[in-house]
Amino acid sequence: MPSRRTSRRLAADAGLLVVAAAFALPLAWVILSSLDPRAELRVKAPDGLTLDNFDAVLTPEITLTPLLNSLILCGGGTLLTVACSALAAYPLSRFRSRLNRPFLLTILFATSLPITAIMVPVYALFVRVNLIDTMQGTIFFFAASQLPFAIWLMKNFMDGVPKELEEAAWTDGASSFQSLIRIVLPLMGPGVAVVTVFSFVMMWGNFFVPFMLLLTPDQMPASVSINEFFGNRGMVAYGQLAAFSVIYSTPVILLYVLVARRLGGGFALGGAVKG
């Protein structure tokens, strides 16, 4: 028995190491190739450490303008998603109705719809309402595509906030909207942080939506401009591509670091409704 347990543990450890290597090798390639003057499509020690790849991509046309466009699109879409999901989740969490469960199941079904399946009618609609090739139109679609899962998440987090706290605020004359803003949302800070990070990351890495809805090169986000590093006839500037990938990943990493404490925190509601 001990030998069998040991063999199973070793097999599990070996499997975990393989999975860890599958995630670590691409990251190692990106970091090493960004500093390699002769980067290739394989993981190897750099021939020499250089920042020439970063100097080549840190230009307004290649990196700065696309990153600014990405921040505008994803930041605006995230703010709209968080605000709308909170307003939609509040009545689902606080009021009981026979339509709650069918509505939630419909939301869950909407999360499984692929973007490619609805892109053609959305494109035709945007052309008709003059939202094609506009930043605000892309922001609206970003928010709409993330809203179903955001509502589902927000509602589950909102269920953990005791209703007695709101009732106390109502006794003092607060409205439902005021109790949502001043009581519920501050207490479910980790939930808001989860929805924010999830929505931002999903929008930040989206290539297909801005590629279809935006036509002007000056409005393209970084997720689309990264395609410029793949030249004709299969020629790829691997060093510059890796350097751009490092820069492109930085905002997402910074966002996660900023909200990491809230993600790891709890609701801290113990004893809030006692007495």
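**View 1. Phe 200 and Trp 204 sit together in helix H9, four residues apart, about one turn of the helix.** Helices here are DSSP runs of H or I with at least four residues, numbered from the N terminus. This is a predicted model, in which local features need pLDDT of at least 70 and side-chain atom pairs count only at pLDDT 80 or more, while totals for chains, interfaces and linings use all residues. Residues are numbered from 1 along each chain as its sequence is written, and side-chain values use heavy atoms, with hydrogens and water left out.

**View 2. Eight aromatic pairs are counted in the model.** Rings of Phe, Tyr and Trp (its six-membered ring) pair if their centres lie within 6.5 Å; planes under 30 degrees apart are called stacked, over 60 edge-to-face, and the rest tilted. Phe 126 and Phe 141 make an edge-to-face pair, with 6.4 Å centre to centre and 90 degrees between the planes. This pair links distant parts of the chain, as Phe 126 belongs to helix H5 and Phe 141 to helix H6, 15 residues apart. Phe 126 and Phe 141 are both buried (under 20% relative accessible area, 1.4 Å probe, protein chains only). Phe 200 and Trp 204, in turn, are stacked, at 5.4 Å centre to centre and 20 degrees between the planes. Both of these residues, Phe 200 and Trp 204, are buried too. Ring pairs join Phe 200, Trp 204, Phe 244 and Tyr 248 into a cluster.

**View 3. The largest pocket has a volume of about 340 Å³.** Its 14 lining residues include Thr 111, Leu 113, Ile 115, Ser 145 and Gln 146, the closest to its centre. A pocket is an open set of points on a 1 Å grid over the protein atoms alone, where a 1.4 Å probe fits, with protein on both sides within 12 Å along at least five of seven lines; lining residues have an atom within 4 Å of a point. The volume is the space filled by probe spheres set on the points. Helix H6 gives the most to this lining, with six residues. By class, the lining holds 10 nonpolar, four polar and no charged residues.

**View 4. The second largest pocket has a volume of about 260 Å³.** Of its 13 lining residues, Glu 61, Pro 217, Met 220, Ser 225 and Glu 228 are the closest to the centre. Helix H3 gives the most here, with five residues.

**View 5. Mean pLDDT (the predictor's confidence in each residue, from 0 to 100) is 85 for the protein chain, and 92% of its residues reach 70 or more.** Over residues 265–275, pLDDT stays under 50. Where pLDDT is low, the predicted coordinates should not be read in detail.

Technical notes: Helices (H or I, at least four residues) and strands (E, at least two) are DSSP runs, numbered from the N terminus. Ala, Val, Leu, Ile, Met, Phe, Trp, Tyr, Cys and Pro count as nonpolar, Asp, Glu, Lys and Arg as charged, and the others, Gly among them, as polar. Contact means heavy atoms within 4.5 Å. Buried means under 20% relative accessible area, exposed over 50%, partly exposed in between (1.4 Å probe, protein chains only).
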